[in-house]
Amino acid sequence: MLGAIDAVLLANAGGDGNSHLDLIRPFLEKGLPAYIDKPMAFTAKQAREIVALAERHRAPVYSTSVLPHVADLNWLYRKEKLGKIKYVFSQGGTLIHGSS
């Protein structure tokens, strides 16, 4: 799936960010832009690792609360404008979307 997506939005419903480093690592290693819902990580060490991975692989990364941007996700409901949807993968609050 990594070769078929353009970016990743990590909105983990777990809430504390403890799994964010493990969840985001494969995407950053591929250089994919990543949005990470707050908290970016559970510890400062994990946050530094995320930033270091992003820098090492030239992957843009952004972290803030997803809530102010929920209205911006309306494109998910306008699938006819996206083209043929190949898959939508959801695990907890993590959403990865691919379309052609």
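An α-helix has 3.6 residues a turn, so residues three or four places apart point the same way.

D22 is also located in helix 1, but its relative accessible area of 57% makes D22 exposed. Just after helix 1, G31 adopts a positive phi of about 80°.

## Basis of the model

The model is predicted: local features require pLDDT of at least 70, side-chain atom pairs are counted only at pLDDT 80 or more, and totals for chains, interfaces and linings use all residues. Residues are numbered from 1 along each chain as its sequence is written, and side-chain values use heavy atoms, with hydrogens and water left out.

## Overall architecture

The protein contains two helices and five strands, and from the N terminus on its elements follow the order β-α-β-α-β-β-β. Helices (H or I, at least four residues) and strands (E, at least two) are DSSP runs, numbered from the N terminus.

Of the 100 residues in the protein, 28% are buried. Among contacts between residues at least 6 apart in sequence, 61% join residues at least 24 apart; contact means heavy atoms within 4.5 Å.

## Packing of the two helices

Helix 1 (residues 20–29) packs with helix 2 (residues 44–56) at an angle of about 5°, and their axes are 10 Å apart. Axes are lines fitted to C-alpha atoms, for helices over the stretch in contact, and angles run from 0 to 180 degrees between N-to-C directions.

On the helix 1 side, H20, L21, I24, R25, L28 and E29 take part, and they meet Q46, E49, I50, L53 and A54 of helix 2. The residues of this contact comprise six nonpolar, two polar and three charged; Ala, Val, Leu, Ile, Met, Phe, Trp, Tyr, Cys and Pro count as nonpolar, Asp, Glu, Lys and Arg as charged, and the others, Gly among them, as polar.

## Helix 2: length and faces

The 13 residues of helix 2 should span 18 Å at 1.5 Å a residue, and its end C-alpha atoms are 18 Å apart, which agrees. The expected span is 1.5 Å times one less than the number of residues.

Q46, I50, L53 and A54 are buried in helix 2. Seen down the axis of helix 2, its buried residues fall within an arc of 100°, so they line one face of the helix. These buried residues pack against helix 1, strand 2 (34–37) and strand 3 (61–64). The face turned away from the buried side of helix 2 bears the exposed residues K45, R48, E55 and R56.

## Q46 and its surroundings

Q46 belongs to helix 2 and is buried, with a relative accessible area of 15%. Apart from neighbours within four places in sequence, Q46 is in contact with G17, N18, L21 and A41. The C-alpha atoms of D22 and Q46, 24 residues apart in sequence, are 9.4 Å apart in space.

## Loops on either side of helix 2

P39 lies in the loop between strand 2 and helix 2, and the peptide bond from K38 to P39 is cis, with omega near -5°. Most residues other than glycine have a negative phi, and most peptide bonds are trans.

The loop between helix 2 and strand 3 includes H57, which is partly exposed at 29% relative accessibility. H57 touches L28, E29 and G31, not counting residues up to four places away in sequence. The C-alpha atoms of H57 and L28 are separated by 6.5 Å, although the two residues are 29 residues apart along the chain. R58 is found in the loop between helix 2 and strand 3 and counts as exposed at 77% relative accessibility. Although R58 is not a glycine, its phi is positive, at about 55°.

Methods
Buried < 20%, exposed > 50% of the residue type's maximum accessible area, 1.4 Å probe, protein only. Arc of directions from axis to C-beta.
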